[in-house]
Amino acid sequence: MKFLALSKKEALDILSNRLYILLVLVQVIILLGAYGLAAASSVAADPQLIDTWGGGRFLRVGLDVDEKGSLLDESLRREGLKVSYYSVEDGRRALGSEILAFVYLKGGDVAVEADTSSVFYTVMSEKLRRATSDYARRKQFREAGLPASMISALENPVNLKVVPRNRECYRPLVLESSYFVEIMYGFIVPFILFLPFFLGSNMVTDSIVGEKERKTFEVLLMTPLPDTLIILGKIIPPLMFSFLQGMLWIIILSALKVPIYNIPLILVLLLFTGLAFTGVGMFISTLADSTKEANSAITVALFFATFILFVPLFMDMGPLTDLVPMIPSAVLVRLSSCPQCGPEALISMVPSGVVSVLIFAASIVSFRREGVIRL
């Protein structure tokens, strides 16, 4: 009963903390903002998506007025580019204000002057590359005097037929873009799901150090409760709230058409990761005697945790590369993005679980030692 009273007190303290409620809302904003940024970046970087979503109207290109109606003009328009006609001097003056690129022929070769400061430069350059390749190929065919039927066959040498498999596992994604999939599953999904546990470790630290500052920590240790129940009463509420937030973020991502696979395994991984973060928070709280000192220490600890969890996803770790698939963030990426994971997924979770249990066990030993010293 006293254990439940302690847990209830900690839960009410969390719910009555306006800063915590604000941080939950901030996490929602971060989730939606990251999702929108990934979607916008994917559209701006993909020539097919930008046409589908109506962004092609921003891709205005200038062409030498002497090439109006030419083969080059046709190739540019086939890429969905908005073509305007200028003299060479006027086209260069309009570059950056009215048009994103100016195209003209120079000695029989295609010359392009582009505004590299534009956010659409990447997709514009890809479209121009394809247009110039199409122009060179069609020009070569025309100069060779090939019949139209042969030209059509040469322009479309292979008919690709896709045979769908595992359609029962297919879930539509909001954007069929390799960049969107990479940025969402490679960073945003693990970051969003781990973020509540970052905050949870801070809540544990504030709770225990707050007892010290209020001079009630010794009183708490003298209650007729075993150390184990005191520890559980302190950590279960923040761990539970962090876990519920992670589940909520999964639901929101699924509603945004970002399918999350292997949810039961992901929840187990989050639980173990939460134990590790909670253990770090509890360990720091036993060493710090003030909230300021504890906040500084937990900030440093979370910085190193962020480095360990996310930097290996983007960098070559050299001799440590073989260890990258076993870090929690890499395991989460694999689980969330793969509809069918075999036994190797469970095996890859074992190191994270073992390390998390060891960190939590070390924090319990530290908490008990601190209690003995104070009593």
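**Figure 1. The open sheet of 4 strands.** In this predicted model, the strands of the sheet follow the order β2-β1-β3-β4, with mixed pairing. Helices (H or I, at least four residues) and strands (E, at least two) are DSSP runs, numbered from the N terminus; two strands pair if DSSP finds at least two bridges between them. The edge strands, each pairing on one side only, are β2 (82-86) and β4. From one strand to the next, the twist averages 30°. Helix α4 (residues 71-78) packs on the sheet and touches β1 (60-64), β2, β3 and β4, where contact means heavy atoms within 4.5 Å. The direction of α4 makes about 150° with that of β2. Axes are lines fitted to C-alpha atoms, for helices over the stretch in contact, and angles run from 0 to 180 degrees between N-to-C directions.

Residues are numbered from 1 along each chain as its sequence is written, and side-chain values use heavy atoms, with hydrogens and water left out. As the model is predicted, local features need pLDDT of at least 70 and side-chain atom pairs count only at pLDDT 80 or more, while totals for chains, interfaces and linings use all residues.

Figure 2. Strands of a sheet pair through backbone hydrogen bonds, either parallel or antiparallel. Here strand β3 (residues 101-106) and strand β4 (residues 109-114) run antiparallel and are joined by 6 bridges. Tyr104 stands opposite Ala111 in β4, and Lys106 stands opposite Asp109 in β4. The hairpin has 2 residues between its strands. Gly107, in the turn, has a positive phi of about 65°.

**Figure 3. Packing of α8 on α11.** Two packed helices are described by the angle between their axes and the distance between the axes. For helix α8 (residues 178-213) and helix α11 (residues 263-287), the angle is about 30° and the axes are 8 Å apart. The two helices are therefore roughly parallel to each other; angles under 35 degrees count as roughly parallel, over 145 as roughly antiparallel, 65 to 115 as roughly perpendicular and the rest as oblique. The crossing of α8 and α11 is right-handed. A crossing is left-handed if the near helix is turned anticlockwise from the far one by less than a right angle, and right-handed if clockwise. On the α8 side the contact includes Leu193, Phe194, Phe197, Phe198 and Ser201; on the α11 side, residues including Ile266, Leu270, Thr273, Gly274 and Phe277 take part. By class, the contact of α8 with α11 has 13 nonpolar, 8 polar and 1 charged residues. Ala, Val, Leu, Ile, Met, Phe, Trp, Tyr, Cys and Pro count as nonpolar, Asp, Glu, Lys and Arg as charged, and the others, Gly among them, as polar.

Figure 4. Phe197 lies in helix α8. At 2% relative accessibility, Phe197 counts as buried; buried means under 20% relative accessible area, exposed over 50%, partly exposed in between (1.4 Å probe, protein chains only). Leaving aside residues up to four places away in sequence, Phe197 touches Leu239, Ser242, Phe243, Leu270, Gly274 and Phe277. Phe197 and Leu275 are 78 residues apart in sequence and 8.8 Å apart in space, C-alpha to C-alpha.

**Figure 5. Packing of α2 on α10.** Helix α2 (residues 18-45) and α10 pack at an angle of about 25°, and their axes are 11 Å apart. The pair is therefore roughly parallel. α2 passes α10 in a right-handed crossing. From α2, the residues Tyr20, Val24, Gln27, Val28 and Leu31 meet Phe241, Gln245, Trp249, Ile252 and Leu253 of α10. This contact of α2 with α10 has 8 nonpolar, 2 polar and no charged residues.

**Figure 6. The loop between α10 and α11.** Lys257 lies in the loop between α10 (227-255) and α11. Lys257 has a positive phi of about 65° although it is not a glycine. With a relative accessibility of 48%, Lys257 counts as partly exposed. Asn262 is also found in the loop between α10 and α11. Asn262, a residue other than glycine, has a positive phi near 55°. Asn262 counts as buried, at 19% relative accessibility.

**Figure 7. Surroundings of Ser363.** Ser363 has its place in helix α14 (residues 343-374). The residue Ser363 is buried, with a relative accessible area of 0%. Not counting residues up to four places away in sequence, Ser363 touches Gly279, Met282 and Phe283.
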